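Student: Hi! Could you walk me through this model?
Tutor: Happy to, here it is.
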Amino acid sequence: MYKLYTKIYGKISKFRFFEKLSTVKTISPYLSEQGLWQFIKYFTVGVATALFELFLVWLFSKILLSVSSWRESAENVLIVVGNTLGTTVAFVANFLLNRSVSFKSDGKFSVQFIKYILLFLFNLIVSDIIIYVFSSIGVYYLIVKLFTMAMIVLWNFFMYKKFIFK
């Protein structure tokens, strides 16, 4: 897998357009053979917890929408609350799995957890705002949730590696 990556990277980096992309230069130091396996573990943990999170967001949103007497006037707010609840429950599982499986960190738990909470709060605010805006204009909230999760995954790997689980 690493050989395939280096071969592709070698060919792509010859093109001026890709040479100027900061993401290629940013990603390449992390994708040594060890870094690539770490990213695969991160991705696997991420997929598992993302499915868990999606299920929880769907479940909490459905429960809130079915029991609320003011459903019609605040459906988007209830969906955001469901997103907040589901994401909060899933974040604990994600932290523990990434700490022990993906990054095999033995750093101070409390410091890492505080940093993780700060990143989580930033991610949650971004996610809630995007879900509220797009569900308000009629986009199905789980489609928007998938989009925001994919976006967050991209920056989280680097934040985990550089700042949280270093």
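Student: Anything to know before we start?
Tutor: This is a predicted model, so local features need pLDDT of at least 70 and side-chain atom pairs count only at pLDDT 80 or more, while totals for chains, interfaces and linings use all residues. Residues are numbered from 1 along each chain as its sequence is written, and side-chain values use heavy atoms, with hydrogens and water left out.
Student: Where is A48?
Tutor: A48 sits in helix α4, residues 33-67 (helices are DSSP runs of H or I, at least four residues, numbered from the N terminus).
Student: Is A48 buried, exposed or partly exposed?
Tutor: A48 is partly exposed, because its relative accessible area is 45% (buried is under 20%, exposed over 50%, partly exposed in between, with a 1.4 Å probe and protein chains only).
Student: New topic: how many aromatic pairs are there?
Tutor: The structure holds 22. Rings of Phe, Tyr and Trp (its six-membered ring) pair if their centres lie within 6.5 Å; planes under 30 degrees apart are stacked, over 60 edge-to-face, and the rest tilted.
Tutor: One of the pairs is Y42 with Y160, edge-to-face at 5.8 Å centre to centre and 80° between the planes.
Student: Which helices does that pair link?
Tutor: Y42 is in helix α4 and Y160 in helix α7 (residues 141-164), 118 residues apart. Both Y42 and Y160 are buried.
Student: And what about F91 and F120?
Tutor: F91 and F120 are stacked, with 4.2 Å centre to centre and 20° between the planes. F91 belongs to helix α5 (residues 75-102) and F120 to helix α6 (residues 109-136).
Student: Why does F120 count as buried?
Tutor: Because its relative accessibility is 10%.

Terms used:
Helix = DSSP H or I, 4+ residues; strand = E, 2+ residues; numbered from the N terminus.
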